[in-house]
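Please keep the sequence and the model in view while reading.

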Amino acid sequence: MFLILPVSYEIKTDIAPKKVARKLDHDLTQHRPTMNIMSNGRFMRNHKYESCFYGCRTGEYDFQVYHHKAKKRDGGTTGFYGTIVPSEDGCVIRGRFRKPLYTYIVALLWTVVTIFLALVLFALKEKLGSACMLGVFAVGIFIMFWDSKKPIIKAYIDSFAKRE
């Protein structure tokens, strides 16, 4: 259950907010993941042989960061949804590590369908089939919500704390 909860993160830096925003614009491959699976698939195909950080700024100080690993189709992985908050001696980058909205929608549909099928099989006195459907449910949820992107993105966000 803890795999689906957003995790808050905050880091202080002595770099000016506009410089952090410019660094994000320079470092990130510009792509905003959407519910359109074709758009995300096209981006993954265009960057098939390279690992990169991608995302976009959604406002003056709001941004999204994701990581794409070469030869993977990882469009629904964990991303960092953050904001740059100016302070007197630099800025504070704060945000949350979470999945994109469409991942939560697919997980909800997966849950409804597999639990419904498990209940139908249980009502038909097919206890083994019902147990198998619950196993399929657990494996599917684990596959949808487990990934190793959080440490990679966290290291990228931490790089802003180091003075250039």
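Does Arg 57 count as buried, partly exposed or exposed? At 30% relative accessibility, Arg 57 counts as partly exposed, a class that lies between buried (under 20% relative accessible area) and exposed (over 50%), computed with a 1.4 Å probe on protein chains only. This is a predicted model, in which local features need pLDDT of at least 70 and side-chain atom pairs count only at pLDDT 80 or more, while totals for chains, interfaces and linings use all residues. Residues are numbered from 1 along each chain as its sequence is written, and side-chain values use heavy atoms, with hydrogens and water left out.

Arg 57 forms a salt bridge with Asp 25, their closest N and O atoms lying 2.6 Å apart; the term denotes a side-chain nitrogen of Lys or Arg within 4 Å of a carboxyl oxygen of Asp or Glu. Because Asp 25 belongs to helix H1 and Arg 57 to strand S3 (residues 52-57), the pair ties together parts that are 32 residues apart in sequence. Helices (H or I, at least four residues) and strands (E, at least two) are DSSP runs, numbered from the N terminus. The whole structure contains four salt bridges. Another of them joins Glu 10 in strand S1 to Arg 94 in strand S6, 84 residues apart, with 3.1 Å between the closest N and O atoms.

Helix H1 (residues 17-27) has buried residues at Pro 17, Val 20, Ala 21 and Leu 24. These four cover an arc of only 100° around the axis and therefore lie on the same side of H1; the arc is taken from the directions between the helix axis and the C-beta atoms. Lys 18, Arg 22 and His 26, on the other side of H1, are exposed.

Leu 24 also belongs to the largest nonpolar core, which has 19 residues; Leu 24, Phe 63, Val 65, Phe 80, Ile 84, Ile 93 and Ile 157 touch the most other members. Such a core is a set of buried Ala, Val, Leu, Ile, Met, Phe, Trp, Tyr and Cys residues joined through side-chain atoms within 4.5 Å. At least two of its residues come from each of S1, H1, S4 (62-68), S5 (79-87), S6 and H5 (149-158). A second, separate core of six residues includes Phe 43, Met 44, Cys 52 and Tyr 81.

Lys 99, in the loop between strand S6 (90-98) and helix H3 (101-123), counts as buried at 3% relative accessibility. Beyond residues up to four places away in sequence, its contacts (heavy atoms within 4.5 Å) include Tyr 81, Tyr 104 and Asp 147.
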